[in-house]
Amino acid sequence: MSEQDDAGLDADVIEQVSRPFSLPAIPGLPFLRGIAGGRRRRRLVSAAAAALIVVAAALVAFRLAASPGPDPALAGLIHEVTTVPVGKSVPGLPASASSVSAYSSTLIGDGGLKAVSGPPLTRGGKPEVLYVATEYCPYCAMENWPLIVALSRFGQFTDMTTSRSPEFEHVAPIDSWTFYGSHYASRYLSFVPVERYSNVLVNAKASPAAGASYRKLQQLTPAQQAIFARYDKSRSTPFLDFGNQAAQTGSGPIPAPLMTGKSWSQIAAALRRPSTDLGSALITEADLLTAELCRLTGDRPATACPAFITSIQLSS
């Protein structure tokens with residue numbers, strides 16, 4: 001390429017470089033420039049905001065689509081536990097058990113459930129069932145199963161969560177449930193659970209053998225504390241108060257060895273197999289609790305309170 005060509009090329013390049021352009025001095029022009037610039041900036045800000053909104057909406061939609069729905073396995077487990085029919089309706093129960101005398105004979109025994117006398121315990125105009133428990137307590141873990149079965153005959157649970165008690169008082173871990181964070185609705189009664197401690201230690205050095213080593217969850221109100229102290233002198237859990245008409249300290253007649261080593265699914269399956277040792281123990285306790293709930297609600301609903309249930313008598 002010749003020097004002339006180079007010069008010509010340089011000239012072309014120079015001509016393509018943008019040059020500053022200025023208007024002649026006109027009165028008021030700076031003001032107009034400010035307005036035009038302000039409008040442009042507002043348009044840019046508005047466009048940017050609209051873009052951000054679109055991106056945010058897309059992220060929310062993606063998160064909703066990507067977030068997992070309810071766990072089908074947990075939903076199925078909850079259904080199994082909360083839909084156990086009453087007594088003679090349980091599949092596999094011998095036909096002779098449909099008679100009052102035959103079936104009730106398997107339910108005799110108080111399991112710690114005693115008649116008491118006190119001012120009516122109510123909430124929202126309905127009789128109240130107060131339950132004091134702890135997640136680390138294996139006896140609470142055992143009692144939770146039949147208690148859920150019994151209460152589900154009178155209402156409906158939501159937001160239920162599985163739990164496992166640690167090894168405590170020489171009882172191996174038990175797969176169970178926690179009432180912490182759950183909700184219960186019924187036309188006939190109010191259920192007020194108080195889970196005082198969790199199943200999680202406060203720190204790695206805490207002794208798992210001491211109840212105080214576990215994280216606190218809920219605190220009893222002064223009124224609840226008074227009821228707890230009146231009917232449960234040892235302040236042990238689990239504790240149940242049925243409207244101050246009956247109270248139960250400790251779990252029902254459920255042998256711990258039948259529960260330990262069983263998964264949630266195995267225990268739930270036993271609720272439909274009353275001919276097994278575990279199934280018989282769980283159904284017996286569930287029906288004992290159901291009988292007391294029937295007394296509390298005036299035998300309502302009728303589906304939960306057939307004659308062979310309401311005929312069960314408690315020790316005083």
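**Ground rule.** I call a residue buried when its relative accessible area is under 20%, exposed when over 50%, and partly exposed in between. I'm also keeping in mind that this is a predicted model.

**Glu292 first.** I looked up glutamate 292, and its relative accessible area is 2%, so it goes down as buried. What does it pair with? Glutamate 292 makes a salt bridge with arginine 295, with 3.0 Å between the closest N and O atoms. Both sit in helix α9, three residues apart, which puts about one helical turn between them. Arginine 295 comes out as partly exposed, at 31% relative accessibility.

I then went through α9 as a whole. Is the helix mostly covered or mostly open? Mostly covered, with 18 of the 21 residues buried.

**Disulfide.** I searched the whole structure and got one disulfide. Cysteine 294 and cysteine 305 form it, with 2.0 Å between their sulfur atoms. Where are the two ends? Cysteine 294 is in helix α9, while cysteine 305 is in the loop between α9 and α10 (307-310), and the two are 11 residues apart. I read -95 degrees about the S-S bond, which makes the link left-handed. Both ends are buried by my ground rule: cysteine 294 has a relative accessible area of 0%, and cysteine 305 has 9%.

**Other salt bridges.** How many salt bridges are there in the model? I count five. The general idea is that side chains of opposite charge can pair when their charged atoms come close. Besides the α9 pair, I wrote down two.

- Glutamate 80 and arginine 272 meet through their side chains, 3.6 Å from N to O. Glutamate 80 belongs to helix α3 (residues 72-82) and arginine 272 to the loop between α8 (264-270) and α9, so this pair ties together parts 192 residues apart in sequence. Glutamate 80 is partly exposed at 32% relative accessible area, and arginine 272 is partly exposed as well, at 23%.
- Arginine 123 and glutamate 128 make a salt bridge at 3.8 Å, N to O. Arginine 123 is partly exposed, with a relative accessible area of 45%, whereas glutamate 128 is buried at 5%.

**Cavity.** I found one cavity of 30 Å³ or more, and the volume of the largest cavity is about 50 Å³. Which residues lie nearest its centre? Of the 13 residues lining the largest cavity, those are Glu135, Ala141, Asn144, Ser163 and Trp177. The elements that each give two or more residues to this lining are α5 (138-151), β5 (161-165) and β6 (174-178). By type, I sorted the lining into five nonpolar, five polar and three charged residues.

Definitions and conventions
Residues numbered from 1 in each chain as written. Predicted model: local features only at pLDDT ≥ 70, side-chain atom pairs only at ≥ 80, totals over all residues. Heavy atoms only, no water. 1 Å grid on protein atoms, 1.4 Å probe; cavity = no way out; pocket = protein on both sides within 12 Å on 5 of 7 lines; lining within 4 Å. Points joined across faces, edges and corners; volume = space filled by probe spheres on them. Helix = DSSP H or I, 4+ residues; strand = E, 2+ residues; numbered from the N terminus. Nonpolar A, V, L, I, M, F, W, Y, C, P; charged D, E, K, R; others polar. Buried < 20%, exposed > 50% of the residue type's maximum accessible area, 1.4 Å probe, protein only. Salt bridge = Lys/Arg side-chain N within 4 Å of Asp/Glu carboxyl O. Disulfide = S-S within 2.5 Å.
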